[in-house]
Amino acid sequence: MNCGMSDEEWTKKKNELFLEMIGAEKKNLRTKEKNDSKMVDQLRTILEEVIQ
Amino acid sequence: MKLVYIKVKNYRQYKDARIDFARDEHKNVTLVKGDNGAGKTTFTQAFRWCLYGDVGFDDDIILNADVIDELPEDKGAESSVEIGLQFHDVEYRIIRSEKYIKTSKGKVKLENKLETERNKLEIYQNEKKLNKLDAEIVLNEILPNELSPYFFFDGERMEHMSRALMKEKTSDEIANVIRRVVGLTSMDKLRYHLKNVGRKSVYKLLNEEITRNSTSELQECSALLERKEQELASIEDTLKESRIMHEQAEQEMYEEISWLNRHVSTAEYQKKQTELEEQRVEHLKQAKNKILQLNTCMSKDIASGFLEKILAEEILRKKYWKKDKESNSDLEYTYLTVDLLDEILEGKKCICGCEWAEDNEHYVFLKDLRDQMKKDKDGLEVKRFKRILENIRDVKDASFRSMQDTMEEIDALYEKADECERSIEDLEEKMDGFQGDVTEHLKRKKQQSDIVQDTEQIIEKKIEEKAAIKATIDDLREKKNQYIEKDQTKNSLLVQLKMVEELHRDINAAYMAKETDIRADFEKRLQALYDQIYEKGFSLQISDSYVITEKNNRGLSEAQAYSIIIAFVCTVMDMAKNKKNIQEAYMDESEEYPIVMDAPLSKFDIDRIENISTILPNKADQVVIFIKNTDGNYAEQYMEERIGKRYEIKMNNGSKTDSFIREVR
């Protein structure tokens, strides 16, 4: 039920996604960006890129 | 981050002053001593003004008063603070300045009236000037404003924190600081951005995309699912609120129970005291009634029959009785003769020797008696008369006895009332001036206990509702997935949705576990430092809502609250230092910070000053203490080996508008 991916692939993708996303959050924290909406859009883009 | 220097120009009472900070690992303390009013607080506030533009004073004009006086009309002058620091091996110069102008009317005003542009911030990175945006980013990276109150704090700040601690307030601020220091802020933000209720999130965006241009069944299912998810969120909110309320009420209830247990003897004493007081009042009331009864008896029986009793007694003393020789009676005199009565009446003297007036009631009584005897030729039988007299005496004696009994009863009642009063005084001594009101505490305990029971019921009910709605949501999700799977074009979105849900769940679980661990670690470190600063045997705990309390609810004294603040700040530094050794992907980068304190030791005795003076330089990378001379002498003595730089602040010729700083070697 991992949408055609093996468990290993699925976990790898998930870790990759987490690292990308937490990296973006950390950068955001440093740059004092307080706009949550922009951050959500950015995370949505990361998600699309990693999954595709 | 290490502070290198601070320079102030035309800032408040300083025209031109500079402090270079001690940066040696072993001699990391800079001690600045000064009298009250010399300008210690001004300096600590200069840090915050330079870094964040916070003024911290009521007076908006920061330009030195002497400069203002000497400034010609239509001319300008500038106040500035410059801080030199090292951050990640890079040198920074941060300069904030504010320009003023003197009008033709002699008034001083800001050159730039716009609040957002009233002052200018310049940051030089290795002597290269940064643009405005970069400057703000770098500044936030060096020391975020929300953390700064814990590293640059003055007396007012400590007072504020102390009050919050003593009132046991929930502190989001403390929670944020802990998260920030240990590097959990990004993780917290990420879980929020991935999925939350009511706001924009990645999860919400994906759902919107999936339902857009989809079949009516899918749209309906999605709409229903969204509604159910909102209902679930609302239940979870109520659950959370109820749990917090339950936790608080339970805590307060235990506080009351603990108070009542501590004062169990007092409670009993107070109860006994109330009973004794009631008894005392009752005894006095009864005594008063008896006195009234006695008065009535006096006026009725005694006042009207007193003389008759005396007379009867005297007559019965046999003085006037003739002996009845013929009878065997033990009476000496048997008959009272008319002659004898005439003799008494004519003598106009009572048998007791008092002279009688003719209207005297006893004279009248004897006269009537004599007349009766004359009329009754056979004379009055003395025995009968004697019986009358005896009756009079007995009745009056009974009254006397009754009155005597009543008086004894009154005495006894007064004695009992006195006894109650003595017992009350004994109890007061035992309570030793205790002022609390046990009844009030019992009432509060009852109130909190009711809240605990009510919230328990709500929680139970909401848990059931939550389980039911969760089951519905699971069904709807399953159904929705089936609809989406039918639509091949949505497959990619479904994968993303599944990934987001799973990632959110994982992060949430990891975050909760980390936060629990960190809170426990923080509590342990805080306790250890508090033990070192104040005393052992006082257990601190940090609740889920980040309230710092004492485990046995003994309440905090001012010195204890201040000790906790110092311990708290040292713990934050300790955690930050420790965090540097842990490099985990989910954590934010962390940094050690210097600590700048204004007169932090006034609230402590010498022993505690020694403890704090020993701990601070070990926990903080760099310590800058502004301190008044008296406390400063102790601090200087105990920190001697760690002091790298010493300064003193003086007022120029006692002027409050002209202070200067000089290094003491």
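I291(B) is partly exposed, at a relative accessible area of 30%. Keep in mind that this is a predicted model. I291(B) sits in helix α9 of chain B, which covers residues 264-316. Together with L284(B) and Y414(B), I291(B) makes a nonpolar surface patch of about 220 Å².

Staying on helix α9, I move to K290(B). Which residue does K290(B) meet in a salt bridge? The partner is E409(B), with 2.7 Å from N to O. This pair links distant parts of the chain: K290(B) belongs to helix α9 of chain B, E409(B) belongs to helix α12, residues 382-431, and the two are 119 residues apart. K290(B) has a relative accessible area of 24%, so it counts as partly exposed. E409(B) is also partly exposed, at 35%.

Now some other salt bridges in chain B. Side chains of opposite charge can pair when their charged atoms come close. E122(B) pairs with K129(B), and the closest N and O atoms are 3.5 Å apart. Are these two residues buried or exposed? E122(B) is buried, because its relative accessible area of 14% falls under the 20% limit. K129(B) comes out at 48% and is therefore partly exposed, since exposed would need over 50%.

R608(B) and D605(B) form another salt bridge, with the closest N and O atoms 2.9 Å apart. In that pair, R608(B) is buried at 17% relative accessibility, while D605(B) is partly exposed at 38%. There is also a network in which salt bridges with shared partners join K7(B), E82(B), R93(B) and E127(B). Over all chains, the count is 37 salt bridges.

Next, the interface. How many residues does each chain bring to the contact? Chain A gives 30 residues and chain B gives 37 residues. The area buried between chain A and chain B is about 3100 Å², and carbon and sulfur atoms give 67% of that. Four salt bridges are found across this interface. R44(A) forms a salt bridge with E209(B), where the closest N and O atoms are 3.0 Å apart.

Last, the cysteines. C50(B) has 0% relative accessibility, so it counts as buried. C221(B), with a relative accessible area of 5%, is buried as well.

Definitions and conventions: Residues are numbered from 1 along each chain as its sequence is written. Chains are lettered from A and ligands numbered from 1 in the order in which they are written. This is a predicted model: local features need pLDDT of at least 70, side-chain atom pairs count only at pLDDT 80 or more; totals for chains, interfaces and linings use all residues. Side-chain values use heavy atoms; hydrogens and water are left out. Buried means under 20% relative accessible area, exposed over 50%, partly exposed in between (1.4 Å probe, protein chains only). Patches are made of residues with over 30% relative accessible area and no salt bridge: like charges are joined within 9 Å, nonpolar side chains (Val, Leu, Ile, Met, Phe, Trp, Tyr) within 5 Å. Accessible areas come from the Shrake-Rupley method with a 1.4 Å probe; for residues, only the protein chains shown count as cover. A salt bridge is a side-chain nitrogen of Lys or Arg within 4 Å of a carboxyl oxygen of Asp or Glu. Helices (H or I, at least four residues) and strands (E, at least two) are DSSP runs, numbered from the N terminus. Contact means heavy atoms within 4.5 Å. Buried area is the accessible area (1.4 Å probe) that two parts lose on being put together, summed over both.
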